[in-house]
Amino acid sequence: MKKIKLPDLIELPPLLDPWDQQEASGADATGIYEFYRNLAEGDLTTTKCRDCGKIGFPPAIICTNCLSDNLEWVRIPEVGELYAFSEMRLGAPMILDQIAPFIVAIARFGDYPENGVQMSGMIFDSGYDELKIGDRVKWEIIEIKGPAERKRYWYCFKKV
Ligand SMILES: [Zn+2]
C-alpha cells in the first residue's frame, strides 16, 4: 500500500481561508464582516430579512427565502436545544484531528424554523455519553489558537 505524508502546515488559498472575512478590509468583499466583529465582541449574530422575516444561519447577504438584500443583524438566543450529535473519533479534518475525539452537534436556537436558527457546532466539555437529544445547550464564543498574528474567534456549544 502506498503511503503519503501530510505536511504539518498547509497554506490555504485565500478563497478557502474564511478568516480574511473578519478583517474590516474584507467587509466590502463578503458583506458578513459584522458577524466576525460581533464574535470578537462576544456576540453570536446572524442575518434576518426585513422583508419576509426569515432568519437563517450562516449569515447571508441575500435572503434565501425571498432574495431581498434588506437584511438586519440579530443576536442568536443564547440557549437552545440539542437536535443531533455525533462523536468524531477518526477522520477529522486537519488540525482538528489533534483534538479528537470531540462532539459535533446540531442545535436549534429561538423558535425554529419560523423565528430561529439551526446551527452546527462543536461541544468540547461533554462526552458522548453525557449528552442526549433535547438537552439544553448554550453557545459560547471561543478564541481559536493558531499561527495567526490576529485573534480569531468562533463559537461552540456547551451543555447547560
Ligand atoms: Zn426574505
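## Close-up views of a predicted chain

**View 1. Strands β4 and β5 pair side by side.** β4 and β5 are antiparallel and share 8 bridges. Two strands count as paired if DSSP finds at least two bridges between them. Strands (E, at least two residues) and helices (H or I, at least four) are DSSP runs, numbered from the N terminus. Phe85 has Ala105 in β5 as its bridge partner. This is a predicted model, in which local features need pLDDT of at least 70 and side-chain atom pairs count only at pLDDT 80 or more, while totals for chains, interfaces and linings use all residues. Residues are numbered from 1 along each chain as its sequence is written.

View 2. The chain holds 2 helices and 8 strands. From the N terminus, the order is α-α-β-β-β-β-β-β-β-β. The mean pLDDT is 85, and 81% of the residues reach 70 or more. pLDDT is the predictor's confidence in each residue, from 0 to 100. Where is confidence lowest, and where is it highest? It is lowest in helix α1 (residues 27–30), with a mean of 62, and highest in strand β4 (residues 79–88), with 97. Of the 160 residues, 18% count as buried. Buried means that 20 or more other C-beta atoms lie within 10 Å of the residue's own; exposed means 12 or fewer, partly exposed is in between, and C-beta atoms are placed from the backbone. Among contacts with a separation of 6 or more, 45% join residues 24 or more positions apart. A contact needs C-beta atoms, placed from the backbone, within 7 Å of each other.

**View 3. β5 and β6 form a hairpin.** The two strands have 3 residues between them. They pair in the antiparallel sense over 9 bridges. Asp111 stands opposite Asn115 in β6. Pro113 sits in the loop between β5 and β6. A cis peptide bond joins Tyr112 to Pro113, with omega about 0 degrees.

**View 4. β7 has partners in β4 and β8.** β7 pairs with β4 over 3 antiparallel bridges. Follow Lys138 in β7. Val79 stands opposite Lys138. In β8, the bridge partner of Lys138 is Lys158.

**View 5. The largest nonpolar core has 15 residues.** Which members touch the most others? They are Ala105, Ala107 and Phe157. β4, β5 (102–111), β6 (115–123) and β7 (136–144) each supply at least two residues of this core. The largest share, 4 residues, comes from β5. A nonpolar core is a set of buried Ala, Val, Leu, Ile, Met, Phe, Trp, Tyr and Cys residues joined through C-beta atoms within 7 Å. In soluble globular proteins, nonpolar side chains tend to be buried together. Now look at Ala107. Leaving out residues up to four places away in sequence, Ala107 touches Gly80, Glu81, Leu82, Tyr83, Met119, Gly121, Val137 and Phe157.

**View 6. Trp139 and Gly134: buried or exposed?** Trp139 lies in strand β7. Trp139 is buried, because 20 other C-beta atoms lie within 10 Å. Beyond residues up to four places away in sequence, Trp139 touches Leu44, Ile76, Glu78, Gly121, Tyr155 and Phe157. Gly134 is in the loop between β6 and β7. Gly134 is exposed, because 8 other C-beta atoms lie within 10 Å. Not counting residues up to four places away in sequence, Gly134 touches Glu81 and Leu82. Gly134 and Arg108 are 26 residues apart along the chain, and their C-alpha atoms are separated by 9.7 Å.

**View 7. Three strands make an open sheet.** The order is β2-β1-β3, and the pairing is antiparallel. β2 (55–56) and β3 (71–75) stand at the edges with a single partner strand each, so one side of each has no neighbour in the sheet. Strand β1 (residues 45–49) pairs with β2 over 2 bridges. Thr47 has Gly56 in β2 as its bridge partner.

**View 8. Two loops hold backbone details.** Most residues other than glycine have a negative phi, and most peptide bonds are trans. Leu67, in the loop between β2 and β3, has a positive phi near 65 degrees. Leu67 counts as exposed because 10 C-beta neighbours lie inside 10 Å. Pro101 lies in the loop between β4 and β5. Ala100 and Pro101 are joined by a cis peptide bond, with omega about 0 degrees.

Methods:
Contact = placed C-beta atoms within 7 Å.
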